[in-house]
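Here is a briefing on one protein model. Read it with the sequence and coordinates open.

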Amino acid sequence: MRASKFLIATLKETPADAQIISHQLMLRAGMIRKVAAGLYNWLPLGLRVLRKVENIVREEMDKSGAQEVLMPAIQPSELWEQSGRWEMYGGELLRMKDRHGRDFCFGPTHEEVITNLISNEIRSYKQLPANFYQVQTKFRDERRPRFGVMRAREFIMKDAYSFDINAESLQGSYDVMFDTYMNIFTRLNLGFAPVEADNGSIGGNSSHEFHVLADSGEDAIAVCEKYDYAANLELAQALAVGGERQAPSAEMTKIDTPNQRTMDDIVKSTGLPIEKTIKTLLVKGSEHDVVALILRGDHELNEFKAEKHPLIAAPLTFIESDKEIIAAAGCSAGSIGVVGLDLPIIADLSATNISDFACGANNDDEHYINVNWGRDCEEPEAYDLRTIIAGDVCSRAGDDDSADAKITIKRGIEVGHIFQLGTKYSEAMNATCLDENGKAVVMHMGCYGVGVSRIVAASIEQNHDDRGIIWPEAIAPFDVAIIPIGYQKSELVQKTCDNLYQQLSELGVEVILDDRKERPGVMFADSDLMGIPHRLVVGERSLEKGLIEYKNRRAEESEDLNADDILETIKTLLKT
């Protein structure tokens, strides 16, 4: 591609509304342009990258045995009503009516459509297992679309759906997709981690997220290098800390704590370390009006874990009004404690581990110190309620190696998610087939998504410097940039560049020849900004010495190479 014939739409200044580096660089490099909130045009440069990501995803999905289909973006409400999600999905579902007044939506995902399709096409277990995928536009009406294509309303996604005769077979399909995703992100040459995750509103059983690791990532991930373990903070198991509970060493005593409402206030008043305090949170229960949740003073409630407890109403709802709190506990929020509390109590594992602790006395401006489970109050139900923190022991560690298996917290950008859906959708939509005994059985489903357009942004978040993008070679828009010095003035430079451009193109190398009437500094800056991995600078003085300047985008310095060896050098670098 000659630059004079290619839309190079680079910007010198960073647009004011671009907050994160990928959004800034995608705009400055001329990859995208905003149409409306969360809606973007993809310019030629950006589309080249997007298509390369798509191709890698397609190739690996095809290798896995999955079959490509294409389903409509607009979906009838009847299918969503059949699955029970028409109302449940909420405001992200863009609903519309056709000219006849019939309800439709712009699909954010395709579980309903694929289940309806397969329920009419697959009749026998002999046709299973089967996996069908598409690469297609989705729409989710985000309340606050932001960060460019990272959290856009319209986006490109690869979604796949597997169908199996039973749960055991589904596990096999799931394992194949797990390996396929590992291959996809390895080929993309991204630093990534598969992460144990929560299924969320999509439903089903086990799931994994795939995160590109980047400091700017929205998601916090608990990682243990020793056991190759990673889990979303929502799901990561937090073991009890502090060792075994010690025997009581003092009598429970009530103390006055006027105007002391926070844990910091109590720590300062009692002189106890915060690890010797507990805090009580009140939430709505599924079987009781109110349930008390207990955590150690220095720990934070993990709302996702709490919501999964059968005694806690979903969605998790805190008791927050003074009137409700006083009615439930007999005091204001800052003075609630476990002694004499007439409510179901669920305590975090670490909170059940401490002795001689401080807590509220269920009277305003009063607290107890030296409280002990079993002696001064009933033993609570122990449950993992807290958010894991850096330095905690990995849940996979044994007693002998716990010192070496510490959790670190990393940031990640979710770019893929795989689910075992089980029979959630197939049962609701009557997707059955005949088993080997001729009996109709409900098929088991899996769901596997990759955010194709989000990968482009995530890759930039992980690979950039102060000059611009540094693409992994597998998805770079061009392999090589040829920068002439005096293309319009020197016949030697022009002839050399044209020949080099033709020869590299014939080798299958994707080349951009910058034949614009621009200063060298502008061409260098654009090449760096766009992230072209390899740059060749052709000047008359260097050619007279038999040299061409070469620079790798990741290198600080350039080097002079023998002009006669350039083709072989590029072939070696690109492994063509």
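Beyond its neighbours within four places in sequence, Q134 is in contact with V69, L70, M71, H110, M157, K158 and D159. The residue sits in strand β7, which covers residues 130-139. The model is predicted. Q134 has 0% relative accessibility, so Q134 counts as buried.

- Q134 and G451 lie 317 residues apart in sequence, yet their C-alpha atoms are 12 Å apart in space.
- R535 belongs to strand β28, which spans residues 534-539.
- Why does R535 count as buried? Its relative accessible area is 8%, and buried means under 20%.
- Not counting residues up to four places away in sequence, R535 touches A481, I483, F524, S527, D528, E549, Y550 and K551.

**Helix α13 and its cover**
- Helix α13 runs over residues 520-530.
- Its buried residues are V522, M523, D526, S527, D528, L529 and M530.
- Which elements cover the buried residues of α13? The cover includes α1 (21-28), α2, β25 (468-469), β26 (480-485) and β28.
- Just after α13, G531 adopts a positive phi of about 80 degrees.

**Packing of α2 on α6**
- Helix α2 (residues 44-63) packs on helix α6 (residues 167-187) at an angle of about 150 degrees, and the axes are 9 Å apart.
- That angle makes α2 roughly antiparallel to α6.
- The crossing of α2 over α6 is right-handed.
- From α2, the contact uses I56, V57, E59, E60, M61 and K63. From α6, it uses M177, T180, N183, I184 and R187.
- By class, this contact of α2 with α6 holds five nonpolar, two polar and four charged residues.

**Packing of α12 on α15**
- The axes of helix α12 (residues 491-506) and helix α15 (residues 566-574) come within 11 Å and cross at roughly 40 degrees.
- The two helices, α12 and α15, are therefore oblique to each other.
- Their crossing is right-handed.
- L500, Q503 and L504 of α12 meet I566, L567 and I570 of α15.
- The contact of α12 with α15 comprises five nonpolar residues, one polar residue and no charged residues.

**Nonpolar core**
- In soluble globular proteins, nonpolar side chains tend to be buried together.
- The largest nonpolar core here has 63 residues.
- Which residues have the most contacts inside this core? They are M31, Y181, F185, L188 and W471.
- Helix α2 gives the most to this core, with seven residues.
- Leaving aside neighbours within four places in sequence, F185 is in contact with L190, F192, F210, V415 and I455.

**Whole protein**
- The protein has 15 helices and 30 strands.
- Of its 576 residues, 51% are buried.
- Among contacts with a separation of 6 or more, 69% come from residues 24 or more positions apart.
- The C-alpha trace spans about 95 × 65 × 50 Å along its principal axes.

Key. Residues numbered from 1 in each chain as written. Predicted model: local features only at pLDDT ≥ 70, side-chain atom pairs only at ≥ 80, totals over all residues. Heavy atoms only, no water. Axes fitted to C-alpha atoms, helices over the stretch in contact; angles between N-to-C directions. Helix = DSSP H or I, 4+ residues; strand = E, 2+ residues; numbered from the N terminus. Parallel < 35°, antiparallel > 145°, perpendicular 65-115°, else oblique. Left-handed = near helix turned anticlockwise from the far one by under 90°. Contact = heavy atoms within 4.5 Å. Nonpolar A, V, L, I, M, F, W, Y, C, P; charged D, E, K, R; others polar. Buried < 20%, exposed > 50% of the residue type's maximum accessible area, 1.4 Å probe, protein only. Core = buried A, V, L, I, M, F, W, Y, C linked by side-chain atoms within 4.5 Å.
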